[in-house]
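Trainee: I would like to learn how to read a multi-chain model, feature by feature. Could you walk me through this one?

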Amino acid sequence: MDIEKKVGIVCLIIGMLSFILMFITNGLISYLFYILFVPNILYGVGIFIVPKTRRKKLGKIPFRGY
Amino acid sequence: MDFNEFFYLINLTVYAFLIGSLLLGLHRKIMAKIQLRPGPPIIQYLLHTLKFYFKEITFPITAGNPLYIFMPILQIIVWLSALILAVKLESSLLIIIGLYVLQKIVEHGCGLSSGSPYGKLGGVRSVFSAAAEIPLFAVVSTVYIVTNSLIISDIVSYQQIHGPLILKLPISAFAFFILLVSKAPNSPFGIVKGKDIVSGYLTEHFGLLAGLIYIGDAIAYFVLLWLFIAIFLGISNIFLALPFMILITFIISIINGLTPLLAPHHSVMLQITIAIVVLLDLLHRVIFL
Amino acid sequence: MPYITYLGERMDLFYFNLTIISFIFGNFVGLEYSYRYPPYHEKRIDKFALISSILGGFLLLTPLYIIGAFFIGFPLGMRSGYGRIEFLIGLSIFVILYLIRWWYVTG
């Protein structure tokens, strides 16, 4: 598993935790958890539904000396 | 928070995103019509966001990795906080200005973490385009001198009694409007993602990450337009602000369609000149009023 | 759209979001539909687009405004060179009806 997927799992965990904590807490803190919840879930879900890359050399972008 | 609150927040976020993307699409369409091109349909920005979100992606091995992925997330965090603090809570103006300055960290981090020379140039330019914040602080202090408050709800209720602030503070309104212009795509002040350095700090954020940055940009455009309308026209309702948003987008796209991209030092000097004018206005108000 | 005059209600935002999404979906369908024709076929009025635009202009003033947004989005979303006149006809019908209704309600 590459590092992007690992970050995706961490993001999913943070998103789930803040989703739960959002409903427990009150006031400004709950808004903070909402703000953490949206982008983390967006990244965590997105990284697992993008199709697998068909590129031969992973991560070697052209015009960079490769 | 209970479920009703959560439902409202989700709705507000979706509303800001959809309206922001439609307005940015309209911006592109009007710019194309001015330049005698047919132009894309107005849902193009939205289609781009969806396309990038579901696209296959490869991460460059030159990227500094946690930072590279964290930056688009930070972009959404910054503008979601601005959305909630401004539109939902109608809180202090200073916090929102602080959040606007955090946007610079996103640009800088995006550019420097990717390892691309174009991104690096964009990040460096974003540092010295920090001159755009000087008029902002001058605007805030001028508004404070007149209304004796920095809370947005107080400013709005002041305008309901005394009439819109744009008639009293035309110079400040102009400076804030220049800020809106510099935030819009293809603007003369857009040295950070100008086409002379491929896409600036966005050059190596493609696929999913570009989709996230696009979502953040749409929310940012909505929030900044709402701020202008709330501070200077005194309309804080998100439905009633909609016609004014379309009008301002129309004016901004005419300006952006007719002006070329300024060179970095010209852009910075112009913004500093505007800042000096607003500061002189502030000085005049402090001394004589 | 007269429903956005009841401002401040929380559910209203939800229905307005649904209206926008249906409008975007109408745009998308219009785009797909107009790609069956060659580019830039000006001075030609499409029957489907005209009917849907007029229908949308009427429906926006009724409780079915979510469907009305779909129908008025259909001509607006068509590729360039198409649907401009149709959209303007539908929009003007909506504006005229809205003004008549406003005048009728207020005085």
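Mentor: Gladly. Let's begin with how the chains meet: there are 2 pairs of chains in contact, and chains A and B share the most contacts. Keep in mind that this is a predicted model.

Trainee: Where does that leave chain A and chain C?

Mentor: No contact joins those two chains; the closest C-alpha atoms of chain A and chain C lie 17 Å apart.

Trainee: How many residues does each chain bring to the contact between chains A and B?

Mentor: Chain B brings 26 residues and chain A brings 27 residues. On the chain B side, H1, helix H3 (65–88) and helix H9 (208–233) each supply at least two residues. The largest share, 9 residues, comes from H3(B).

Trainee: How many residues take part where chain C meets chain B?

Mentor: There, 14 residues of chain C are in contact with 14 residues of chain B. The chain C side has 8 nonpolar, 5 polar and 1 charged residues.

Trainee: Let's turn to the fold. What secondary structure does chain B have?

Mentor: Count the elements, then read their order. Chain B has 11 helices and 0 strands, and its pattern along the sequence is α-α-α-α-α-α-α-α-α-α-α. The radius of gyration of chain B is 19 Å, close to the 19 Å that the globule rule gives for 289 residues, so chain B is as compact as a globular protein of that length. Its C-alpha atoms fill a box of roughly 60 × 50 × 40 Å along the principal axes.

Trainee: What share of chain B is buried?

Mentor: Buried residues make up 51% of its 289 residues.

Trainee: How do I check the length of a helix?

Mentor: Compare its end-to-end distance with the span expected at 1.5 Å a residue. Helix H11 (residues 264–288) of chain B has 25 residues and reaches 36 Å from first C-alpha to last, close to the 36 Å expected. For helix H3 (residues 65–76) of chain C, the 12 residues should span 16 Å, and the end C-alpha atoms are 17 Å apart, which agrees.

Trainee: Which residues of H11(B) are buried, and what do they pack against?

Mentor: The buried ones are Ser267(B), Gln271(B), Ile274(B), Ala275(B), Val278(B) and Leu282(B). The buried residues of H11(B) pack against H6 and helix H8 (170–183) of chain B.

Trainee: Is H3(C) mostly covered or mostly exposed?

Mentor: Mostly covered, with 10 of its 12 residues buried. Among them are Phe70(C), Phe71(C), Ile72(C) and Phe74(C).

Trainee: Last topic: where does a residue other than glycine have positive phi?

Mentor: Leu36(B) is one of these, with phi near 60°. Leu36(B) sits in the loop between helix H1 (3–34) and helix H2 (44–53), and counts as exposed because it has 7 C-beta neighbours inside 10 Å. Asn148(B) also has a positive phi, about 60°. Asn148(B) lies in the loop between helix H6 (133–147) and helix H7 (152–162) of chain B.

Trainee: Why does Asn148(B) count as exposed?

Mentor: Because Asn148(B) has 10 C-beta neighbours inside 10 Å, and a residue is exposed at 12 or fewer.

Key
Residues are numbered from 1 along each chain as its sequence is written. Chains are lettered from A and ligands numbered from 1 in the order in which they are written. This is a predicted model: local features need pLDDT of at least 70, side-chain atom pairs count only at pLDDT 80 or more; totals for chains, interfaces and linings use all residues. Helices (H or I, at least four residues) and strands (E, at least two) are DSSP runs, numbered from the N terminus. The radius of gyration is taken over C-alpha atoms; the globule rule is 2.2 Å times the number of residues to the power 0.38. A residue is buried if 20 or more other C-beta atoms lie within 10 Å of its own, exposed if 12 or fewer, and partly exposed in between; C-beta atoms are placed from the backbone. Two residues are in contact if their C-beta atoms, placed from the backbone, lie within 7 Å. Ala, Val, Leu, Ile, Met, Phe, Trp, Tyr, Cys and Pro count as nonpolar, Asp, Glu, Lys and Arg as charged, and the others, Gly among them, as polar. The expected span of a helix is 1.5 Å times one less than its number of residues.
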